[in-house]
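Please keep the sequence and the structure in view while reading.

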Amino acid sequence: MEDPSVRSSGGRPAAPAPPPGASGARQFWRRLRTQRAALVAAGVVALLVLFALAAPLLTAVEGQDPTTYHPSLIDSARGGVPVGSFGGVSGDHWLGVEPQTGRDLFARLVYGARVSLGVALGATVVQVLVGVVVGVAAALGNRWIDQLLSRITDIFVAMPLMIMSLALLAIVPSSFPRPLLVALVIGLIAWGNTAKIVRAQTLTLKGLDYVSAARLSGWNTWRIARRELLPGLAAPVITYAALLVPMNISAEAALSFLGVGVKPPTPSWGQMLTAANVWYQAAPQYLLLPAGALLVTVLALTVLGDGVRTALDPRAASRLRVGTGRKREAKADADSKKAAADASAEKAAADVDSKKAAADASANADASANEEGKA
């Protein structure tokens, strides 16, 4: 027998209901599309990821690779400065060559994007996984488990990332894949803030009616966490993860700059900055190219993370106001202040008129009383 709920009021079969998460996803994309800065940032991030993935193809088109030396393109009499203008820019070397080695800068830049972005994304995944597990376990456990996991989280939050990373990376054998090691070290040290956010959000969700109903129906803790709590944690975790990626890119660059990150000849932006710190006068493009790539990537990911946060939580105002949004906000404030001033002026004028009318009425009453007295 056909279910009458599948037919519309006109007798025709009704369209199937969308899945539960579809409307939320559409609302998220609709809110995100209204933020032009976030869309531009998303385009920049997509372009950077595309460059990183297509690094072998791009370098093949150029006809270069990131490790081949070109001693003929270096002026040894001047200390290894590239021959030619703009650091040796030519049809064969689109962004010039490195000082002293002559390696192609474009090839090293696009291959360095693979390492820097890969390490940052890997570290973010580790941070989110460890933070979610520890935070949910602390919030759902008994008092002793909560205290133990909270104290361990406090220790990791207070732990200096750079110092611990330097110590761990210095003692690990060089045979271990260095990009993977850097991602694991950053992720396993810097998960504390994620765990704190997840624990606080889980404690809030735990007191809601639908979670209490699931507990009273006999569901175990794992099922409650998987079916009821994790969907509610998606928005804050995704938002914080989007902001963790630029922080991890900066951490990888700092570790490579200190000499304990990715080892040569594997290129990374931080390693290029390390080698370029003495060439900022003789070959400024050697420093400006990786520094500019880092700046653009971190800025784009930060703006995109703020856009994702605002789209997932529309009640929170965006911290980054760009373009005409600030002008519209200032104009709205000015209009509201002007309207309030006009209302105050009208009220004051009305008060004056009412006082004058009352005084005139009082004077007329007095005059009438005087005339009656004389009569």
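**Structural briefing**

Not counting residues up to four places away in sequence, Thr202 touches Val136, Ala139, Leu140, Leu229 and Leu233, where contact means heavy atoms within 4.5 Å. The model is predicted: local features need pLDDT of at least 70 and side-chain atom pairs count only at pLDDT 80 or more, while totals for chains, interfaces and linings use all residues. Residues are numbered from 1 along each chain as its sequence is written, and side-chain values use heavy atoms, with hydrogens and water left out.

**Overall picture**

- The protein has 13 helices and two strands; helices (H or I, at least four residues) and strands (E, at least two) are DSSP runs, numbered from the N terminus.
- Of its 375 residues, 35% count as buried, a term that means under 20% relative accessible area, with exposed over 50% and partly exposed in between (1.4 Å probe, protein chains only).
- Among the contacts in the protein with a separation of 6 or more, 69% come from residues 24 or more positions apart.

**Buried positions**

- Thr202 belongs to helix H8 (residues 192-206) and is buried, with a relative accessible area of 0%.
- Helix H11 (residues 269-276) is mostly covered, since six of its eight residues are buried.
- The buried residues of H11 are Trp269, Gly270, Gln271, Met272, Leu273 and Ala276, and their cover includes helix H4 (105-140), helix H10 (221-257) and helix H12 (284-312).
- Gly96 is found in the loop between strand S2 (81-82) and H4, and its relative accessible area of 0% makes it buried.
- Leaving aside residues up to four places away in sequence, Gly96 touches Gly87, Gly88, Val89, Arg103, Asp104 and Leu105.
- The C-alpha atoms of Gly96 and Gln285 are separated by 8.3 Å, although the two residues are 189 residues apart along the chain.

**Salt bridges**

- The structure holds six salt bridges, each being a side-chain nitrogen of Lys or Arg within 4 Å of a carboxyl oxygen of Asp or Glu.
- Glu98, Arg103 and Arg108 are linked in a network of salt bridges.
- Arg151 forms a salt bridge with Asp154, with the closest N and O atoms 2.9 Å apart. Both residues are in helix H5 (residues 143-158), three residues apart, so about one helical turn separates them.
- Arg151 is partly exposed at 42% relative accessibility, and Asp154 is partly exposed at 27%.

**Surface patches**

- Phe176, Leu180, Leu184 and Leu188 make a nonpolar surface patch of about 310 Å². Patches are made of residues with over 30% relative accessible area and no salt bridge, with like charges joined within 9 Å and nonpolar side chains (Val, Leu, Ile, Met, Phe, Trp, Tyr) within 5 Å.
- Leu188 sits in helix H7 (residues 178-189) and is partly exposed, with a relative accessible area of 43%.

How values were computed: Accessible areas come from the Shrake-Rupley method with a 1.4 Å probe; for residues, only the protein chains shown count as cover.
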